[in-house]
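The following report describes the overall form of a protein model and then turns to the packing of one of its elements.

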Amino acid sequence: MTDADIEIDDLPSRSQLKRDSQALRDLGEQLVLMANSQLEKINLDSSLLAAIKEARRLKNLDARRRQIQYIGKLMRNMDLTDIRYAIEKLNHQSQTFRQHFAMLEQWRERLIEEGNDAIEEFLTTYPNADRQQIRNLLRQASREKNGSAKTKLFKYLKEIAD
């Protein structure tokens, strides 16, 4: 076997290249169809964000299809791990979303049960959290019986974690 044979064997097949390209177009279409509030939660390259906004503006189906192909081309050389993870977290049916939701519920329960120790650990994990706001929400949760303060605490934790 020569060096040329080894190099040819290492290259992906034509079918694999087409599948990869289609997967990028599908991911690009998901980004185009996302709500603005969800799209803002994903850290995107400025050129990719501009291409997504342009695709949203287009009404002609062929022009939109070409723009989505362009978005797929832009994503070829990007690390898409963070983008895919963010999309999974936003998808309410995904395993990642359910795990994230369960983790936040565990934090809420720990904060209510353990108090200051749990607050310190939460602040270590999420340094952008506001200690005073967490304490206020915990006080409200301990006073109320109907659970609306627990819901407020959960929403705050979700806001910080996202």
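The protein has 10 helices and 0 strands, where helices (H or I, at least four residues) and strands (E, at least two) are DSSP runs numbered from the N terminus. The radius of gyration of the protein, taken over C-alpha atoms, is 22 Å, well over the 15 Å that the globule rule (2.2 Å times the number of residues to the power 0.38) gives for 162 residues, so the protein is more spread out than a compact globule. This is a predicted model, in which local features need pLDDT of at least 70 and side-chain atom pairs count only at pLDDT 80 or more, while totals for chains, interfaces and linings use all residues. Residues are numbered from 1 along each chain as its sequence is written, and side-chain values use heavy atoms, with hydrogens and water left out.

Helix 8 (residues 116-125) has Ala118, Ile119, Phe122 and Leu123 as its buried residues. Seen down the axis of helix 8, these residues fall within an arc of 135 degrees (from the directions of the helix axis to the C-beta atoms), so they line one face of the helix. On the other side of helix 8, Asp117 and Thr124 are exposed (over 50% relative accessible area). The buried residues of helix 8 pack against the helices tabulated here.

| Packing partner of helix 8 | Residues |
|---|---|
| helix 7 | residues 95-114 |
| helix 9 | residues 131-143 |
| helix 10 | residues 148-161 |

Conventions
Buried means under 20% relative accessible area, exposed over 50%, partly exposed in between (1.4 Å probe, protein chains only). Contact means heavy atoms within 4.5 Å.
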